[in-house]
Amino acid sequence: MTEPLDVAKLQRRLAEFAAARNWQPYHTPKNLAAALSVEASELVEIFQWLTPEESARVMTDPDTAHRVTDEVADVLAYLLQLCEVLGIDPLAALDAKIDRNERRFPI
């Protein structure tokens, strides 16, 4: 049975992967933010010319679904690495942001 995934465990795996390849010198906040932007743009590219209806069905095509899944993983990987380097708890940051949005945009 595999252990459940959590953010900290994924961040450790990413850090170990980078360390094994001596990539840490390149994992500066600036470089990670730029890489995050590039990967987010690659995700946007998949949807660029789709109609809203086509975009809602994007996961029904196995090839496109695979591409979307890979780009989502890349975006998340760089975001988690950026959070690690900056000392941000991504789940706490999201929770606090939702709280602020609920106050900012009441029902």
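What follows is a walk through a predicted model of one protein chain, from the overall fold down to single residues.

Start with the fold. The protein chain has five helices and zero strands. Read from the N terminus, its elements run α-α-α-α-α. The radius of gyration is 17 Å, well over the 13 Å that the globule rule gives for 107 residues, so the chain is more spread out than a compact globule. The C-alpha trace spans about 40 × 40 × 40 Å along its principal axes.

Of the 107 residues, 20% count as buried. The chain exposes about 8,300 Å². Carbon and sulfur atoms supply 61% of that area. Now take the contacts with a separation of 6 or more. Residues 24 or more positions apart account for 64% of them.

Which residues of H4 are buried? They are Thr 64, Ala 65, Val 68, Glu 71, Val 75, Ala 77, Leu 80, Gln 81, Leu 82 and Cys 83.

Follow H4 to its end. Leu 86 lies in this helix. Leu 86 and Thr 28 are 58 residues apart in sequence, yet 9.2 Å apart in space, C-alpha to C-alpha. Just after H4 comes Gly 87, with a positive phi of about 75°.

A second pair gives another reading of sequence against space. Ser 37 sits in helix H2. Ser 37 is partly exposed, with a relative accessible area of 42%. Ser 37 and Glu 102 are 65 residues apart in sequence and 27 Å apart in space, again C-alpha to C-alpha.

Now move to the loop between H1 and H2, where Asn 22 lies. The phi of Asn 22 is near 55°, a positive value in a residue other than glycine. Is Asn 22 buried or exposed? Its relative accessible area is 56%, over the 50% cut-off, so Asn 22 counts as exposed.

Last, the aromatic rings. How many aromatic pairs are there, with ring centres within 6.5 Å as the rule? The count comes to one. The rings of Phe 17 and Trp 23 have their centres 5.4 Å apart and their planes at 70°, so the pair is edge-to-face. The cut-off for that label is over 60 degrees. Both residues are partly exposed: Phe 17 has 41% relative accessibility, and Trp 23 has 36%.

Arg 21 relates to both of these rings. The charged end of Arg 21 sits over the ring of Phe 17, 3.5 Å from its centre. Arg 21 also lies over the face of Trp 23, at 6.0 Å from the ring centre. One arginine thus has a ring contact listed with each member of the edge-to-face pair.

Methods. Residues are numbered from 1 along each chain as its sequence is written. This is a predicted model: local features need pLDDT of at least 70, side-chain atom pairs count only at pLDDT 80 or more; totals for chains, interfaces and linings use all residues. Side-chain values use heavy atoms; hydrogens and water are left out. Rings of Phe, Tyr and Trp (its six-membered ring) pair if their centres lie within 6.5 Å; planes under 30 degrees apart count as stacked, over 60 as edge-to-face and the rest as tilted. Buried means under 20% relative accessible area, exposed over 50%, partly exposed in between (1.4 Å probe, protein chains only). A charge sits over a ring if NZ of Lys or CZ of Arg is within 6 Å of the ring centre and within 35 degrees of the ring normal. Helices (H or I, at least four residues) and strands (E, at least two) are DSSP runs, numbered from the N terminus. The radius of gyration is taken over C-alpha atoms; the globule rule is 2.2 Å times the number of residues to the power 0.38. Contact means heavy atoms within 4.5 Å. Accessible areas come from the Shrake-Rupley method with a 1.4 Å probe; for residues, only the protein chains shown count as cover.
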